[in-house]
Amino acid sequence: MNADTKVCGLDPSSEYVDLAAEVLSLLSDPTRIKIVLALRQADELPVNALAEIVGKKPSGVSQHLARLRMARMVTTRQEGTSVLYRLTDEHALALIVEAIKQAEHAVANGQIPPHHHAPQQ
């Protein structure tokens with residue numbers, strides 16, 4: 001049976017390793033991280049609101065959203081003439097949260113990082 005020959009996705013020889021690297025690469029842009037964090041807080045937002053939150057022009061934010069949408073990390077919903085963006089699922093956010101926690105450790109200088117004593121939101 002075919003299932004017996006499949007390698008676990010978490011195995012170093014997994015067929016998903018290269019794709020996982022692409023996902024991490026896509027999320028390595030600060031603007032995209034800010035977009036994901038903004039969508040975490042607001043659930044759904046139009047491009048102009050996201051642009052204001054992340055401090056970028058709407059045209060640039062649209063390009064970032066297009067890449068996130070092609071990767072199926074965000075999805076859209078039409079409301080009248082507005083297009084609202086939202087996270088497709090929790091996985092992109094989870095990666096970013098863990099990366100931010102790792103960044104906190106990197107600058108903690110032996111101190112307890114904020115995520116170890118602050119309430120999680």
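Author: The lining of the second largest pocket in this predicted model comprises eight nonpolar, one polar and four charged residues (Ala, Val, Leu, Ile, Met, Phe, Trp, Tyr, Cys and Pro count as nonpolar, Asp, Glu, Lys and Arg as charged, the others, Gly among them, as polar). The volume of this pocket is about 270 Å³ (an open set of points for a 1.4 Å probe on a 1 Å grid over the protein atoms alone, with protein on both sides within 12 Å along at least five of seven lines, lining residues having an atom within 4 Å of a point; the volume is that filled by probe spheres set on the points). Among its 13 lining residues, Val23, Leu26, Ala71, Arg72 and Met73 lie closest to the centre. Two or more lining residues come from each of helix H1 (17-26), helix H4 (58-70) and helix H5 (91-107), with H1 giving the most, four residues (helices are DSSP runs of H or I, at least four residues).

H5 also packs against another helix: the axes of H2 (residues 30-42) and H5 come within 10 Å and cross at roughly 115°, which makes H2 roughly perpendicular to H5 (65 to 115 degrees). In H2, Ile33, Val36, Leu37 and Arg40 meet Ala92, Leu93, Ile96 and Ile100 of H5 (heavy atoms within 4.5 Å), a contact with seven nonpolar, no polar and one charged residues.

Residues are numbered from 1 along each chain as its sequence is written, and side-chain values use heavy atoms, without hydrogens and water. Local features need pLDDT of at least 70 and side-chain atom pairs 80 or more, while totals for chains, interfaces and linings use all residues.

How values were computed
Axes are lines fitted to C-alpha atoms, for helices over the stretch in contact, and angles run from 0 to 180 degrees between N-to-C directions. Angles under 35 degrees count as roughly parallel, over 145 as roughly antiparallel, 65 to 115 as roughly perpendicular and the rest as oblique.
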